[in-house]
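Here are a few friendly notes on charged side chains and how they pair up. Please keep the structure open while you read.

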Amino acid sequence: MSFETQTPPAGGASASPTAPRTPLVTSRLPEVGTTIFSVMSALAVKHGAVNLGQGFPDFDCAPGLVEAVHAAMRAGHNQYPPMPGVPALRQALAAKIERLYGHRYNADSEITITAGATQGILTAILALVHPGDEVIVLEPCYDSYGPAITLAGGTVVRVPLNPADFRLDLAQLSAALSPRTRAIIINTPHNPTGSVWSTGDMQALAELLRPTDVLVLSDEVYEHMVFDGQVHASVSAVPELAARSLVISSFGKTYHVTGWKVGHVAAPAALMAEFRKVHQFNVFTVNTPMQHGLAAWLADPLPYEELPAFYQRKRDRFRAGLAGTRFELLPCAGSYFQCVDYSRISSLPDQQFAEWLTAEVGVAAIPLSAFYSRPPARPIVRFCFAKTEATLDEALRRLSRL
């Protein structure tokens with residue numbers, strides 16, 4: 001046996017091991033950093049602030065829902081479910097959507113259970129948007145839309161909502177349509193502003209898109225949080241739109257279980273077939289016992305039927321408490337977010353104001369610029385009122401000096 005030897009370096013010193021090489025990587029999302037939601041939540045913890053920033057409840061879900069999941073676990077539902085989702089859950093969703101919006105989706109071929117709504121959005125875009133396609137987003141918008149379009153090789157086309165009331169300007173949307181437009185993403189009730197679409201808005205969109213092949217991705221995760229006697233306007237309720245739309249919603253928002261990350265997407269069979277091609281290689285499938293638990297829980301419509309009144313009471317309590325401050329309250333017709341104009345309090349840019357509010361006043365909010373590609377026209381922050389009365393009251397006590 002022979003051994004290869006190396007000549008030691010001059011001076012008799014031992015050779016240093018070669019440092020590991022880190023390959024250079026070109027980022028797919030070079031402008032993306034840590035989300036503002038994580039940043040503000042961490043800042044809230046650091047300063048002991050009341051966290052009205054990130055959009056999640058600080059109260060528990062119904063005990064019966066937890067027991068339904070436990071029952072599914074005890075019944076042995078702990079292995080992979082079918083790729084599109086547990087049949088009983090898809091059937092329950094098809095029945096619910098038909099009852100609420102009058103459109104019957106085929107549970108076998110037109111509904112898929114997702115690992116949260118954000119995964120549904122990303123999967124839909126990856127499945128249907130090709131390099132060079134344009135996708136219209138209505139700004140301000142949820143911060144995952146743009147990166148998802150970029151990852152698919154598409155081009156983001158931003159159409160601003162009216163800064164006074166965050167309503168859609170149909171003329172601006174029409175002007176943004178081009179032969180390269182593949183899809184438009186809409187969101188109602190709207191995050192971050194709390195505006196909602198009417199049935200008339202949906203009919204106008206249907207008329208505008210009638211001569212085109214433009215798809216619609218409709219983010220309806222706050223569908224059960226519409227206030228003051230209004231009814232949620234879903235694209236599912238408009239046959240022309242339902243035929244070209246993927247409708248995305250969230251069990252997490254509806255049942256106060258955002259950490260479960262379970263959502264669903266409904267779409268015509270041809271669109272859903274393409275969606276599932278990506279879904280099966282994206283997450284493949286979703287937590288089995290939670291799907292069975294949710295299927296059992298959906299049998300009773302009362303929890304989501306009571307949700308508008310439940311959150312309207314929180315909205316009204318929070319707005320009444322802010323009325324004595326120098327914040328200017330913007331309308332909130334849906335969702336669990338309240339936006340305020342702080343121009344009578346500070347001239348700081350919105351992120352700096354949100355950081356100051358967290359550190360010095362002890363209440364965390366989200367700057368509206370997080371939902372824009374450029375600085376917004378007005379100085380606005382967003383509060384989340386999906387909190388207990390005690391949490392809201394403590395936040396209001398701290399904000400009262402403003």
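1. Start with Arg-180 and Glu-134, whose side chains meet in a salt bridge at 3.0 Å, N to O. A salt bridge here is a side-chain nitrogen of Lys or Arg within 4 Å of a carboxyl oxygen of Asp or Glu. Arg-180 sits in the loop between helix H6 (170-176) and strand E5 (181-187), and Glu-134 in strand E3 (residues 134-139), so the pair ties together parts that are 46 residues apart in sequence. Helices (H or I, at least four residues) and strands (E, at least two) are DSSP runs, numbered from the N terminus.

2. A word on the model: it is predicted, so local features need pLDDT of at least 70 and side-chain atom pairs count only at pLDDT 80 or more, while totals for chains, interfaces and linings use all residues. Residues are numbered from 1 along each chain as its sequence is written, and side-chain values use heavy atoms, leaving out hydrogens and water.

3. Is Glu-134 buried or exposed? Glu-134 is buried, at 11% relative accessible area. Buried means under 20%, exposed over 50%, and partly exposed in between (1.4 Å probe, protein chains only).

4. Next, look at Asp-393 and Arg-317, which form a salt bridge with their closest N and O atoms 2.8 Å apart. This pair links distant parts of the chain, 76 residues apart: Asp-393 is in helix H15 (residues 389-399) and Arg-317 in helix H13 (residues 307-322). Asp-393 is partly exposed at 33%.

5. Arg-398 also forms a salt bridge, with Glu-394. Both lie in helix H15, four residues apart, about one turn of the helix.

6. Finally, the structure holds 16 salt bridges. Asp-228, Arg-315 and Asp-316 are linked in a network of them.
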